[in-house]
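Please read the following note alongside the model.

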Amino acid sequence: MNVLEIANLSLRIGVQDILHDISLDLPEKGIYAILGANGVGKTSLMRCISGIYHPTGGEIRYEGKNIVGLKSHQIVDLGILQAPEGRQIFSNMSVLENLTIGGGPLKTAELDRVLGLFPKLKERLKQGAGSLSGGEQQMLCIGRALMRRPKVLLLDEPSLGLAPMLVRFIFDLVEEIRAQGYSILIVEQNAKAALRIADRAAVIEGGKIVMEGSAKELASDSRVADAYLGGHVAAH
Ligand SMILES: Nc1ncnc2c1ncn2[C@@H]1O[C@H](COP(=O)(O)OP(=O)(O)OP(=O)(O)O)[C@@H](O)[C@H]1O
Ligand SMILES: [Mg+2]
């Protein structure tokens, strides 16, 4: 079953066509990777799903119901949470405050569950979020989304700017989160790592999907290899 179905989605802002005829399905408990160069519309697609941008055409169905037109907070309440590009944590607040903000009364069980995934954050609960390293800030950003117990997690370039060891930690974490039952849509420039953990993937160019298929198919496609995998077909 698909938890999220995007059908013929288009987005125009002013005179600019940003997305055209985007269709993709996120299977329940699946990982779906969105690949593409800078400026092709990946973040805009995430923003359409989370209700920040309002598509000009098409549908986004969540558990069978069209959510286009709903407000961001309604989409959050339905269980679709975004860990946005650039992290966007509250740097003048503590780690604990960032994790518990806007979530109503503190849910200790949720906090314990999230901190179980991020031992580094557990050691730094009182620390100002702005003083965390880039990798820790990314953990906080994902942890904050997980505190709301989403069904669908939207990750926009979680590995951006991280050292290789942390990139590995983040991708391992995404797999672990999926194993806990979440469905994940992930935008990544690190195509190799994304295709390794994803079930399906799409490549976007100029606001359109130019390739779509199983992650295995895309990883062994020479066009993907040339453009996104450094010219080498990934080994399986
Ligand atoms: N609010 C907006 N107003 C005008 N243009 C926008 C707006 N949001 C996005 N765009 C344009 O849409 C295009 C796609 O932007 P988007 O941020 O979705 O790309 P991206 O694939 O996420 O790129 P990157 O890899 O650099 O993050 C860009 O040309 C961008 O300038
Ligand atoms: Mg982006």
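The points below cover the metal site, the sheets and the helix packing.

1. This is a predicted model, in which local features need pLDDT of at least 70, side-chain atom pairs count only at pLDDT 80 or more, and totals for chains, interfaces and linings use all residues. Residues are numbered from 1 along each chain as its sequence is written, chains are lettered from A and ligands numbered from 1 in the order in which they are written, and side-chain values use heavy atoms, with hydrogens and water left out.

2. T43 (OG1) and E85 (OE) coordinate the magnesium ion (ligand 2) at 1.9 to 2.6 Å. T43 belongs to helix α1 (residues 42–49) and E85 to the loop between β6 (80–83) and α3 (95–100), so the pair ties together parts 42 residues apart in sequence. Donors are N, O and S atoms within 2.8 Å of the metal (3.2 Å for Na, K and Ca); water is not among the atoms, so sites may look incomplete. Helices (H or I, at least four residues) and strands (E, at least two) are DSSP runs, numbered from the N terminus.

3. T43 is buried at 14% relative accessibility, while E85 is partly exposed at 30%. Buried means under 20% relative accessible area, exposed over 50%, and partly exposed in between (1.4 Å probe, protein chains only).

4. Four strands form an open sheet in the order β2-β1-β4-β5, with antiparallel pairing; β2 (16–27) and β5 (65–66) are the edge strands. Strands pair if DSSP finds at least two bridges between them. Two bridges join β4 (residues 57–62) to β5, and R61 stands opposite N66 in β5.

5. Strand β8 (residues 183–187) has five of its five residues buried. S183, L185 and V187 point one way, I184 and I186 the other. β8 pairs in the parallel sense with β3 (residues 31–35) over four bridges and with β7 (residues 152–156) over five bridges. A33 stands opposite I186, and L153 has I184 as its bridge partner.

6. Helices α6 (residues 134–146) and α7 (residues 164–179) pack at about 15 degrees, with axes 10 Å apart. Axes are lines fitted to C-alpha atoms, for helices over the stretch in contact, and angles run from 0 to 180 degrees between N-to-C directions. The two helices are therefore roughly parallel (angles under 35 degrees).

Key. Angles under 35 degrees count as roughly parallel, over 145 as roughly antiparallel, 65 to 115 as roughly perpendicular and the rest as oblique.
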